[in-house]
Amino acid sequence: MKKEQEINIEDEETLNLHKADTEASDKTADADVEVAEDSEVNDDSDDVEVVAGGDPLANAQAEIEELKTQLLYKAAEFDNYRKRMLKERAELILNGSERAVKELLPVLDDMERAIAAGKKTEDPQVLREGMELIYNKFWKTFEKLGVTVIETDNCDFSTDLHEAVALVPGMGDDKKGKIIDCTQKGYKLNDKVIRFAQVAVGQ
């Protein structure tokens, strides 16, 4: 009988230990469930924050990279523009007189023909007429290029257009400051003086 009581006591102790372990396991499981639920809630809240606002540092870095790309693009674009302008300027300097040369070539041809014809005749009238034709053609070509003569007849002296090479005294008050004579014609190209007219001015 005593033996059976000892067995029962041992069984009860074993049962109590098992029960305690079970309760502890249940508590641990419940705690794990609560932690897991809390983790899910926290994860969800983090995801929402990233989607809504994002990381400020990451956003700033992305914006900086975009600005760097734009700056490099603009710098490359400006460098290409500068090189293109330098090339066009160099070509303009080298070939700027191309139009004038092309326009004057027919006049040169006429002069060569006039020289060849002058060798075949001694009539000064024929030579004079040939020279006048070439001169008129030459001036028409100049006019096409925008060249004009600076006026000097009965004009007031102007330092913007004329160069005084002589002063003529005793011409009277009505001739004072007036151009008396032109010793060398002056010319303008598209309203820009390319050679001043050399004149004598009344004093």
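## Aromatic pairs

There are 3 aromatic pairs in this protein, whose structure is a predicted model. One of them joins Trp 139 and Phe 142 in an edge-to-face arrangement, with 5.7 Å from centre to centre and 85 degrees between the planes. Because Trp 139 and Phe 142 are 3 residues apart in helix H4 (residues 124-144), about one helical turn separates them. Trp 139 is buried, because its relative accessibility of 16% falls under the limit of 20%.

Trp 139 also pairs with Tyr 187, and this pair is tilted: the centres are 5.9 Å apart and the planes form an angle of 35 degrees. Since Trp 139 belongs to helix H4 and Tyr 187 to strand S4 (residues 187-189), the pair ties together parts that are 48 residues apart in sequence. Both Trp 139 and Tyr 187 are buried. Together with Phe 138 and Phe 142, Trp 139 and Tyr 187 make up one aromatic cluster.

## Overall architecture

The protein contains 4 helices and 6 strands. Their order along the sequence is α-α-α-α-β-β-β-β-β-β. Of the 203 residues in the protein, 9% are buried.

Which residues make up the largest nonpolar core? The core consists of 5 residues: Ile 150, Ile 179, Ala 197, Val 199 and Val 201. Strand S6 (residues 197-202) provides the largest share of this core, namely 3 residues. As a general background, nonpolar side chains in soluble globular proteins tend to be buried together.

Val 201, one of the core residues, has contacts beyond its neighbours within four places in sequence; among them are Phe 157, Ala 164, Leu 167, Val 168, Gly 177 and Ile 180. Gly 177 lies in the loop between strand S2 (162-168) and strand S3 (179-184). With a relative accessibility of 30%, Gly 177 is partly exposed. When residues up to four places away in sequence are not counted, Gly 177 touches Asp 156, Phe 157, Val 201 and Gly 202. Gly 177 and Gln 203 are separated by 26 residues in sequence, yet their C-alpha atoms are 6.3 Å apart in space.

## Salt bridges

How many salt bridges does the structure hold? The number is 7. One of these is formed by the side chains of Arg 82 and Asp 79, with a distance of 2.9 Å from N to O. Arg 82 and Asp 79 are both in helix H2, 3 residues apart, which is about one turn of the helix. Arg 82 is partly exposed at 39% relative accessibility, and Asp 79 is partly exposed at 26%. A network of salt bridges links Asp 79, Arg 82 and Lys 83.

In helix H3, Glu 98 and Lys 102 are 4 residues apart, about one turn of the helix. Glu 98 and Lys 102 form a salt bridge in which the closest N and O atoms are 3.2 Å apart. Glu 98 has a relative accessible area of 42% and is partly exposed, whereas Lys 102 is exposed at 53% relative accessibility. Another salt bridge joins Lys 144 and Glu 103, the closest N and O atoms being 3.1 Å apart. As Lys 144 lies in helix H4 and Glu 103 in helix H3, this pair ties together parts that are 41 residues apart in sequence. Lys 144 counts as exposed, at 53% relative accessibility, while Glu 103 counts as partly exposed, at 23%.

## A surface patch and a buried aspartate

Phe 78, Tyr 81 and Met 85 form a nonpolar patch on the surface, and their accessible area together is about 310 Å². Tyr 81 is located in helix H2 (residues 56-95). Tyr 81 is partly exposed, because its relative accessible area of 42% lies between the limits of 20% and 50%.

Is Asp 110 buried or exposed? Asp 110 counts as buried, at 17% relative accessibility. Asp 110 is part of helix H3 (residues 98-118). Apart from its neighbours within four places in sequence, Asp 110 is in contact with Ile 134 and Lys 137.

How values were computed: Residues are numbered from 1 along each chain as its sequence is written. This is a predicted model: local features need pLDDT of at least 70, side-chain atom pairs count only at pLDDT 80 or more; totals for chains, interfaces and linings use all residues. Side-chain values use heavy atoms; hydrogens and water are left out. Helices (H or I, at least four residues) and strands (E, at least two) are DSSP runs, numbered from the N terminus. Buried means under 20% relative accessible area, exposed over 50%, partly exposed in between (1.4 Å probe, protein chains only). Contact means heavy atoms within 4.5 Å. Patches are made of residues with over 30% relative accessible area and no salt bridge: like charges are joined within 9 Å, nonpolar side chains (Val, Leu, Ile, Met, Phe, Trp, Tyr) within 5 Å. Accessible areas come from the Shrake-Rupley method with a 1.4 Å probe; for residues, only the protein chains shown count as cover. A salt bridge is a side-chain nitrogen of Lys or Arg within 4 Å of a carboxyl oxygen of Asp or Glu. A nonpolar core is a set of buried Ala, Val, Leu, Ile, Met, Phe, Trp, Tyr and Cys residues joined through side-chain atoms within 4.5 Å. Rings of Phe, Tyr and Trp (its six-membered ring) pair if their centres lie within 6.5 Å; planes under 30 degrees apart count as stacked, over 60 as edge-to-face and the rest as tilted.
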